Amino acid sequence: MSEVQILQSVQQFMARQHGHFIDGKLVAAELLDKVDIVNPSTEQVVAQISIGSQQDVENAVKSAEHAFQNAWAETTPYERGVKLNKLADLIEQHGEELAQLESLSTGKLINISRHLEVAQSVIFLRYFAGWATKINGQTMQPSIPSMQGEKYTAFTLRQPIGVVAGIVPWNFSLMIGVWKIGSALTTGCTIVLKPSEFASLSLLRLAELAIEAGIPAGVINVVTGKGETGQYLIESPLVKKVSFTGSVPTGIAIGKLAMSSDLTRVSLELGGKNAIAVLADANIDEILPTLLQVTFVHQGQVCASPERFFVHHTKYDELVEKLSNALSSFKIGSAMDEGSMFGPLSNQPHFHKVKHYLDMAKANKQIIAGGEALDQTGYFVQPTLISFKNTDDPLFSEETFGPVVGVMPFDTDEELIQLMNQSRFGLTASIWTNDLSKALRLIPKIEAGTLWVNMHTFLDPSVPFGGVKASGIGREFSDAFIEDYTELKSVMIRY
């Protein structure tokens with residue numbers, strides 16, 4: 001065992017009476033109801049958060065609106081970038097504290113919290129900060145005919161939308177919260193974040209660090225709670241955009257609610273039943289370590305992670321055997337144990353959901369490796385490999401959002417494309433091959449918003465990310481986010 005010692009600052013933060021973070025300070029919640037934050041490794045309550053009432057949400061939104069119209073509007077683009085970079089500095093300085101809060105509340109392995117979540121939060125925030133001074137319009141020369149010698153010119157402005165509602169999931173609450181903060185603040189918007197009730201602690205702490213970074217009060221607000229709290233936020237007439245990351249059913253419901261609230265803008269980054277294609281020329285020994293990493297990082301609880309493996313029939317048996325052997329060697333243990341290779345699922349409801357799919361696979365005799373929920377304290381299941389019965393199999397089409405991966409052989413490229421696209425989702429996919437010509441011919445035919453070759457799951461801020469079909473609307477990162485957080489205003493001048 002190499003269990004990490006919990007920092008005193010973390011213990012003190014978890015022991016607080018947590019309210020909401022509104023207008024630059026922690027404020028008491030209107031409601032007395034609390035939600036337990038449970039450590040998935042131990043099933044012990046480590047903290048409690050408040051449930052945001054309609055009044056709490058209204059206070060937060062008014063704070064964000066006031067900051068948008070005043071303090072943040074008076075902050076130059078250069079200063080916005082400086083303050084976001086200062087916040088990135090503070091995330092680095094408090095990295096271990098933030099990582100421990102994430103691991104204790106979400107079951108994320110401590111090394112993943114440190115080296116993926118915290119480290120990438122810093123990288124992405126610095127990337128967004130760099131865009132603050134580069135949001136531009138265009139000039140145009142209209143072709144309106146001159147009647148009496150008058151002339152015309154035109155230009156466009158990109159102006160911030162206003163108050164953004166950022167609804168954040170439990171799997172990467174800090175990092176995804178940072179994506180929403182960076183997108184909003186860079187473009188001149190302000191934000192009210194509603195974290196998942198399972199994972200609110202790191203964003204409450206981040207909001208405090210934002211004040212220390214010099215970001216004005218009210219620019220970043222955090223209201224905790226359950227689904228009803230998020231609904232209040234979406235319905236607020238002062239909210240001009242909703243940015244949601246989470247499940248497809250919830251995303252569809254949020255999209256409908258936002259549209260009925262005066263056509264509030266939405267960007268939806270939803271889930272998927274992501275596919276991997278292993279072609280005939282792939283070297284299984286070479287790709288296996290990477291396949292394991294990209295598939296089972298954070299116990300497969302990553303929206304971009306693959307759940308369907310389509311393997312050329314000449315490689316099928318080899319991949320199944322070697323993947324099964326590798327999964328049986330995973331060291332399953334506490335998220336706070338630096339020696340663990342595979343931690344718990346993030347919360348009890350999700351544990352029961354994944355167990356339901358494991359029981360289904362077991363009843364249908366589809367288990368190749370793993371397949372068990374561990375009989376011990378904590379929300380632990382084995383990493384699992386199953387075989388798909390056919391394309392009508394619910395396990396072929398339904399997102400498990402966990403460490404359950406199905407395999408199926410294919411023969412021809414035409415069959416492969418049909419199998420990969422046979423899904424209502426279209427978030428990510430990947431091709432594993434050394435035949436670049438074939439990969440480039442397959443890429444245009446695959447219905448996915450993001451497609452990798454010889455890699456999967458991991459993102460870069462310079463590359464747009466988002467889904468097609470039921471996997472979402474809009475794109476994050478690169479410069480694509482600017483369109484979603486700004487209004488394009490056209491100006492024509494006669495002179």
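What percentage of the chain is helix and what percentage is strand over residues 33–491, and how far apart are the end C-alpha atoms? Over that stretch the chain is 41% helix and 20% strand, and its end C-alpha atoms are 50 Å apart; here helices (H or I, at least four residues) and strands (E, at least two) are DSSP runs, numbered from the N terminus. This is a predicted model, in which local features need pLDDT of at least 70 and side-chain atom pairs count only at pLDDT 80 or more, while totals for chains, interfaces and linings use all residues. Residues are numbered from 1 along each chain as its sequence is written, and side-chain values use heavy atoms, with hydrogens and water left out.

For residues 33–491, UniProt lists "domain: Aldehyde dehydrogenase" in an unreviewed entry; such positions are given in the numbering used here, feature names are shortened, and annotations may be inferred rather than shown by experiment.

Strand 17 (residues 428–432) has 5 of its 5 residues buried, so it is largely enclosed by the rest of the structure; buried means under 20% relative accessible area, exposed means over 50%, and partly exposed lies in between (1.4 Å probe, protein chains only). In a regular strand the side chains alternate between the two faces of the sheet. In strand 17 both faces are covered, with T428, S430 and W432 buried on one side and A429 and I431 buried on the other.

Strand 17 pairs in the parallel sense with strand 12 (residues 274–278) over 4 bridges, and 4 bridges also join strand 17 to strand 18 (residues 450–453), again running parallel; two strands pair if DSSP finds at least two bridges between them. Strand 17, helix 15 (residues 436–442) and strand 18 make a right-handed β-α-β unit, where right-handed means that, with the strands pointing away from the viewer, the path from the first strand over the helix to the second runs clockwise.

An open sheet of 3 strands has the order 5-6-20, with antiparallel pairing. Its edge strands, each pairing on one side only, are strand 5 (139–140) and strand 20 (486–494). Strand 6 (residues 152–160) is joined to strand 20 by 9 bridges, and L157 stands opposite K489 in strand 20.

**Two helices**

The table sets out two helices, with the expected span taken as 1.5 Å times one less than the number of residues.

| Helix | Residues | Length | Span of C-alpha atoms | Expected span |
|---|---|---|---|---|
| Helix 3 | 77–93 | 17 residues | 25 Å | 24 Å |
| Helix 12 | 348–363 | 16 residues | 22 Å | 22 Å |

The buried residues of helix 3, among them R80, L84 and I91, pack against helix 4 (95–106), helix 5 (110–131), helix 6 (173–186) and helix 7 (201–212). In helix 12 the buried residues include H350, F351 and Y357, and the buried residues of this helix pack against strand 14 (367–369), strand 15 (384–387), helix 13 (394–397) and strand 16 (404–410).

**Single residues**

V463 has its place in the loop between strand 18 and strand 19 (472–473), and it counts as partly exposed because its relative accessibility is 44%. V463 touches E476, F477 and S478, not counting residues up to four places away in sequence, where contact means heavy atoms within 4.5 Å.

C189 counts as buried at 0% relative accessibility, and C303 is buried with a relative accessible area of 15%. A search of the whole structure finds 0 disulfides, a disulfide being a pair of cysteine sulfur atoms within 2.5 Å.
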